[in-house]
Amino acid sequence: MRTLILIVSLLLVPLLPNAALAHAFLDHASPLVGSTVAAAPHEVALWFTQDLEPAFSSVEVTDAGGARVDQGKAAVSANTMRIGLKSLGSGTYRVRWHALSVDTHTTEGSFTFHVGGP
Amino acid sequence: LSDPFFYVRAVHFAATLLVAGVAFFVVCIAEPAFRTAKDGSRVAGVVRSRLTFLAWLALALAVVSGAAWLVLTAAAMSQQPPAEVVSQGVLWTVLSSTTFGNDWLARFALACLFAVLLAPGLSQRRIESRPVKAALVIVAAAFAGSLAWAGHAAGGLGVEAIVHPAADALHLVAAAAWVGALLPLWLLLQAAASDGGSLAVARTATLRFSTLGMAAVATILATGSINAWCLVGSFAALAGTDYGRLLSVKVVLFFVMVAVAAFNRLGLMPHLVADGHPAATVTALRQLRRNAAFETAAGAIIIAIVAVLGTLPPASHASHHPVYGGIPADASFQHIHTGQGMADVMIEPGRVGTTRATIHLWDDDFNELDAQAVTFTLTPPAAGGKPLTRPAVQDADGAWVVDGIELSQPGNWTVTVDAVLGPGNRLVLEAPIVIDPKQ
C-alpha cells in the first residue's frame with residue numbers, strides 16, 4: 001500500500017505548475033515589440049527564454065525599404081542577442097531574428113518598431 | 001516517419017542503451033552468476049562470447065548512428081544540405097562551439113574508451129580486474145547518461161538547467177541498466193536452458209537482474225516525473241498535445257513492462273530452485289525467456305517513441321505556437337507583459353484594410369489563462385479617432401479571435417485587451433502596435 005501511495009504521488013508530480021520552459025522563444029525586446037520610440041535606439045536587444053548558440057544565432061534590422069540598418073554581426077551571450085544600429089531616422093523598422101537554442105532547435109520570428117512620432 | 005532523423009535517433013538510442021546494458025549486465029549479473037555454474041559447464045564461455053559480439057555490434061552502431069546524428073543536426077543548425085555541411089567545415093563549428101557538439105565530442109571519447117575496455121574486459125575470459133570492472137560500469141553510465149545533453153534537457157534556465165539534465169542522465173543510465181540488459185538476459189537464459197546443469201546460473205542471474213531492475217524502475221519513475229514536469233508541465237498539455245499523448249503511450253508501455261517484471265519475480269522465480277519440480281522449473285525458465293523477449297520488444301517500442309519525442313516540440317512549448325512557428329512577415333505582433341498576466345496580440349495583415357486579430361492570454365508563468373470573455377479595442381493614432389471595440393471569440397485552440405476589423409489609417413495604434421477572468425476579476429492590458437500603410 002505504501003508503495004502504491006508513492007507511485008501515485010510520483011505520477012502526480014507532472015500536475016504541479018511549471019514555471020520554466022525550453023526552446024528559445026523571444027521573451028521581450030528593446031525597443032519593445034511593436035512599440036514607438038521617440039529617440040532612435042543605438043542597438044536592438046533581444047531576450048530569449050533559453051540560452052542560445054552564438055555560432056548559429058543571428059538578427060538583422062531593416063528599414064521600410066528593406067535595407068539593412070544594423071552594424072552587421074550580433075553579439076550573443078547566454079539568452080540575449082544584441083546588435084548595433086546605424087543612426088536611424090523616423091520610420092518603421094523590422095527586426096528578424098533566428099535563434100538556435102542549446103537543445104539544438106531553431107526558432108525564428110520578426111517584429112517591427114517605430115522611431116519618431118506617429 | 002519519413003524523416004531520416006527519426007531512424008538515426010532510434011538506432012542511436014537503442015545501440016547506446018544496449019552497449020551500456022551489456023556492460024552493466026556482465027559486471028553486475030553475468031559474472032557473479034557464472035560463479036554458481038557447475039564444473040565443466042560451458043554456459044559461461046558461450047554467453048561471454050555472445051555478449052562480446054553484441055557489445056561490439058552495439059558500439060559500432062552507436063558510433064555510426066552518432067556520426068549520422070551529428071551531420072543531420074549540423075545541417076539543421078546551419079540550414080544547409082548534409083553534403084555541404086561535411087565539405088564546408090560546419091561540422092567542426094558545431095563540434096567546437098555548441099553544447100550539442102561538445103557533448104558529442106565527449107561521447108566519442110567515451111566510445112573510444114569503451115572500445116579500449118571491451119578489448120580485454122569482455123572476451124571469452126572472465127574479467128578478473130576490479131578496476132577494469134569499475135571502469136567499464138563508469139564508462140557505460142557516462143556513455144548512456146551523456147545523451148541527456150543532446151536533447152531537450154540541455155535547454156533549461158536557472159535551477160532547471162541543473163535539475164533537468166541531471167534527472168535525464170540518471171533516467172538514461174537506469175534505462176540502460178534495465179532495458180539495455182534485457183537482451184543479454186535473454187541470451188543468458190537461452191544458453192542456460194540448452195545447458196542442463198545451469199539452473200543455478202539462470203536463477204542467480206534472474207534474481208540479480210530483478211534486484212537491479214527494481215532499483216532501475218524506481219529511478220526511471222522518479223527521474224521520468226522530473227522530466228515530464230520540465231517538458232510537459234500540466235495535465236492539460238499531457239492530454240492535449242502530440243508530445244503529451246505519445247509520452248502517455250510510453251508511460252503505459254513502461255507500466256506493462258513493470259507488471260511483467262513483477263510477475264517474473266513473484267510468479268516465476270520461486271520455481272527456479274534446485275530441489276523444485278523439474279517440469280515446473282523448465283516451464284518457468286521458458287516463460288522467463290519469453291517474457292524477457294516480450295519486454296525487449298516493448299523496450300524497443302519505447303525507444304522508437306523517445307526518438308520521435310526528441311523531434312517534437314515539448315508540450316510545455318506547444319502553446320507558444322505563434323512565436324514558435326515564426327510570426328507571419330506581414331503581421332503586426334505585440335507581446336504585452338504585466339505583473340497580472342500577458343497577452344500576445346497578432347494583427348494579420350498588420351496594415352490598413354480588413355484584418356484579423358488573434359490574442360493569446362497567459363499568466364506570468366506562461367500557463368494559458370482561462371478567460372470568460374475578452375473585449376478587444378483598437379484606438380487609432382489620430383487624436384479624436386473613434387476606437388474600435390469588438391468582442392473576441394474563442395477558437396478551438398484557446399486563442400481569442402476578432403475577424404473583419406477595418407483599419408482606416410497607418411501609424412501607431414493602441415491595442416487594449418480587456419479579459420474577464422472571473423466575478424470582479426478583470427485583466428486589462430494596453431500597448432502600442434504599429435500598422436503599416438496599405439500595400
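Trainee: How many aromatic pairs does a search of the whole structure find over all chains?

Mentor: The model is a predicted one, and the search runs over the whole structure, taking in every chain. Over all chains, the number of aromatic pairs found is 11.

Trainee: Which kind of aromatic pair do Phe5(B) and Trp69(B) form, edge-to-face or stacked?

Mentor: The ring centres of Phe5(B) and Trp69(B) are 6.2 Å apart, with 90 degrees between the planes. Planes over 60 degrees apart count as edge-to-face, and the pair of Phe5(B) and Trp69(B) is therefore classed as edge-to-face.

Trainee: How many residues apart in sequence are the parts that this pair ties together?

Mentor: Phe5(B) belongs to helix α1 (residues 4-34) of chain B, whereas Trp69(B) belongs to helix α2 (residues 43-78) of chain B. Both Phe5(B) and Trp69(B) are buried. Because the two partners sit in these two helices, the pair ties together parts whose separation in sequence is 64 residues.

Trainee: Are the rings of Phe100(B) and Trp104(B) stacked or edge-to-face?

Mentor: Phe100(B) and Trp104(B) both lie in helix α5 (residues 99-121) of chain B, four residues apart, which is about one turn of the helix. Phe100(B) is buried at a relative accessible area of 0%, and Trp104(B) is buried at 7%. Their ring centres are 4.7 Å apart with 25 degrees between the planes, and the pair is stacked.

Trainee: Which residues form one aromatic cluster with Phe5(B) and Trp69(B)?

Mentor: The edge-to-face pair of Phe5(B) and Trp69(B) and the stacked pair of Phe100(B) and Trp104(B) both fall within one cluster. Besides Phe5(B) and Trp69(B), the cluster holds Phe13(B), Phe100(B) and Trp104(B).

Trainee: Turning to charged side chains, in which helices do Arg48(B) and Glu31(B) lie?

Mentor: Arg48(B) and Glu31(B) form a salt bridge whose closest N and O atoms are 2.8 Å apart, and both residues are buried. The bridge ties together parts that are 17 residues apart in sequence, because Arg48(B) lies in helix α2 of chain B and Glu31(B) in helix α1 of chain B.

Trainee: Which strands hold Arg356(B) and Asp403(B)?

Mentor: The side chains of Arg356(B) and Asp403(B) meet in a salt bridge, at 3.1 Å from N to O. Arg356(B) is partly exposed at 35% relative accessibility, and Asp403(B) is partly exposed at 43%. The pair links distant parts of the chain, 47 residues apart, with Arg356(B) in strand β3 of chain B and Asp403(B) in strand β6 (residues 400-407) of chain B.

Trainee: Is Thr104(A) buried or exposed?

Mentor: Most residues other than glycine have a negative phi. Thr104(A), which is not a glycine, has a positive phi of about 75 degrees, and Thr104(A) is found in the loop between β7 (91-100) and β8 (106-115) of chain A. With a relative accessible area of 19%, Thr104(A) is buried.

Technical notes
Residues numbered from 1 in each chain as written. Chains lettered and ligands numbered in written order. Predicted model: local features only at pLDDT ≥ 70, side-chain atom pairs only at ≥ 80, totals over all residues. Heavy atoms only, no water. Phe/Tyr/Trp six-rings, centres within 6.5 Å; stacked < 30°, edge-to-face > 60°. Buried < 20%, exposed > 50% of the residue type's maximum accessible area, 1.4 Å probe, protein only. Salt bridge = Lys/Arg side-chain N within 4 Å of Asp/Glu carboxyl O.
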